[in-house]
Amino acid sequence: MIRQSQFEHKEKQNPVASGIQKKSGAGHNFEFYFVILVGFLTFVFGFISLAVYFAVMYISPIVSNLTGLTFLGSRFLLFILVMITVSGFFMSLYPYSKAVGGNSSLFIILAFIASGISVGVQVYKLAFFGPTWIGLDLLKDHGNTVEMMYLSAVYFAYNLILFILQYTIMKKEFEE
């Protein structure tokens, strides 16, 4: 009887600690590490894509002289790559903020918004320019190839899956 009342007294003093003890477990740790991993991989994917974009733009005069292909800058592709990188950054910060009791919902909302904007821009480009829009933006008529269609599909599918995952996390965040 005395131990039970002492436990209830401790729970009333520090409800956050008792809630963490109740929620901790194998499933909670898996979700925590999964979100960090997906956020980090998304950030790295976006950062490497940005690096490749800038490298292609940097060496485009050399490639143009050798092959006759002219590379054009694509503001839409650059914007999408930046949004993917930002989304991954905020998504990887979300679990850390949640672990320390910070404003974790802000990070998942920002990640969701960045990903949503990126999906919206991609849907716009797909609707008006077709599935090879990346190639058309970068190479004009020479970019209307199957490879550019696959590249567009990879970015769209990855971003759509990320958008759905972030929506699920955000929905769970606000249900708690």
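Predicted model: local features only at pLDDT ≥ 70, side-chain atom pairs only at ≥ 80, totals over all residues.
1. The buried residues of helix α5 are covered by elements that include α4 (75–99), α6 (133–139) and α7 (146–175).

2. The buried positions of α5 are Ser104, Ser105, Ile108, Ala111, Phe112, Ala114, Ser115, Ser118, Val119, Val121, Gln122 and Lys125. In general, an α-helix has 3.6 residues a turn, so residues three or four places apart point the same way. The buried set of α5 includes Ser104 and Ile108, as well as Ser118 and Gln122.

3. The structure contains 1 cavity of 30 Å³ or more, and the volume of the largest cavity is about 40 Å³. Its lining consists of Gln122, Leu126, Trp133, Ile134, Ser152, Tyr155 and Phe156. Gln122 is also one of the buried residues of α5.

4. Which helices each supply at least two residues of this lining? They are α5, α6 and α7, and α7 gives the largest share, with 3 residues. Sorted by class, the lining of the largest cavity comprises 5 nonpolar and 2 polar residues, with no charged residues.

5. The mean pLDDT is 84, and 85% of the residues score at least 70. Helix α5 has the highest confidence, at 94, whereas helix α2 (residues 15–23) has the lowest, with a mean of 45. The pLDDT falls below 50 over residues 14–24, a stretch that makes 4 contacts in the model beyond near neighbours in sequence.

6. As to the overall architecture, the protein chain has 7 helices and 0 strands, which follow one another from the N terminus as α-α-α-α-α-α-α. Of its 176 residues, 32% count as buried. Among contacts between residues at least 6 apart in sequence, 73% join residues at least 24 apart.

Conventions
Residues numbered from 1 in each chain as written. Heavy atoms only, no water. Buried < 20%, exposed > 50% of the residue type's maximum accessible area, 1.4 Å probe, protein only. Helix = DSSP H or I, 4+ residues; strand = E, 2+ residues; numbered from the N terminus. Contact = heavy atoms within 4.5 Å. 1 Å grid on protein atoms, 1.4 Å probe; cavity = no way out; pocket = protein on both sides within 12 Å on 5 of 7 lines; lining within 4 Å. Points joined across faces, edges and corners; volume = space filled by probe spheres on them. Nonpolar A, V, L, I, M, F, W, Y, C, P; charged D, E, K, R; others polar. pLDDT = per-residue confidence, 0-100.
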